[in-house]
Amino acid sequence: MVRLISTIVRELVDNKLSNIFPPNLKGACAITSYILFLSLRKNGFNSKFVIGKYLGLDHCWVELNKSIIDLTATQFCCFNKINVFKINDIRYTAIKRRINKKDFIDWYLYQNPFNFSIKWKNNLPSNVFFAK
């Protein structure tokens with residue numbers, strides 16, 4: 001189920017936000033991770049939306065069951081569209097695991113996940129668009 005939800009989220013962002021983000025989803029880590037986090041929560045998974053660093057660069061991802069799920073690692077290297085790593089992967093450094101709107105106040109307009117609107121159908125995202 002987690003893989004299915006991850007696939008749906010990645011395809012949604014690829015298709016609906018291609019006018020904002022490049023194909024490797026550089027800059028889309030927050031909105032992509034936020035949609036994944038909400039989707040997993042709506043389907044009964046105790047996921048965490050994380051702000052941190054990937055090799056020293058600002059980044060967001062989702063943690064679930066001692067794993068990192070990173071749907072935008074494609075911006076850093078030749079990864080698959082859905083990447084799952086062990087929680088102790090040395091490339092990742094978590095800074096904050098309890099996220100709220102004010103954590104993104106200084107983020108670039110399109111990188112702030114709270115500037116997007118998400119539509120839902122059967123606890124899965126069906127559409128996403130920039131709403132600010």
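Me: How many salt bridges does a search of the whole structure find?
Reply: This is a predicted model, and the search finds six salt bridges.

Me: Which side chain meets Asp14 in a salt bridge?
Reply: Lys81, with an N to O distance of 3.1 Å. The pair links distant parts of the chain, 67 residues apart: Asp14 is in helix α1 (residues 2-16), and Lys81 is in the loop between β3 (67-70) and β4 (83-86).

Me: Asp14, buried or exposed?
Reply: Buried, because its relative accessible area is 18%, under the 20% cut-off. Lys81 is partly exposed at 46%.

Me: What about Arg97 and Glu63?
Reply: Their side chains form a salt bridge at 2.6 Å, N to O. Arg97 lies in the loop between β5 (92-96) and β6 (116-121) and Glu63 in strand β2 (residues 57-64), so the bridge ties together parts 34 residues apart in sequence. Glu63 is buried at 6% relative accessible area, while Arg97 is partly exposed at 40%.

Me: And Arg91, which residue does it form a salt bridge with?
Reply: Asp89, with the closest N and O atoms 2.6 Å apart.

Me: Which residues do shared partners join into one network?
Reply: Arg10, Asp14 and Lys81.

Me: Switching topic. Where is Asn46 found?
Reply: Asn46 is in the loop between α2 (29-42) and β1 (48-54). Asn46 counts as exposed, because its relative accessibility is 58%.

Me: What does Asn46 touch, leaving out residues up to four places away in sequence?
Reply: Arg41, Glu63 and Leu64. A polar contact of 3.1 Å joins the side chains of Asn46 and Arg41.

Conventions. Residues numbered from 1 in each chain as written. Predicted model: local features only at pLDDT ≥ 70, side-chain atom pairs only at ≥ 80, totals over all residues. Heavy atoms only, no water. Helix = DSSP H or I, 4+ residues; strand = E, 2+ residues; numbered from the N terminus. Buried < 20%, exposed > 50% of the residue type's maximum accessible area, 1.4 Å probe, protein only. Contact = heavy atoms within 4.5 Å. Polar contact = N/O pair within 3.5 Å; in protein donor to acceptor, adjacent residues only side chain to side chain. Salt bridge = Lys/Arg side-chain N within 4 Å of Asp/Glu carboxyl O.
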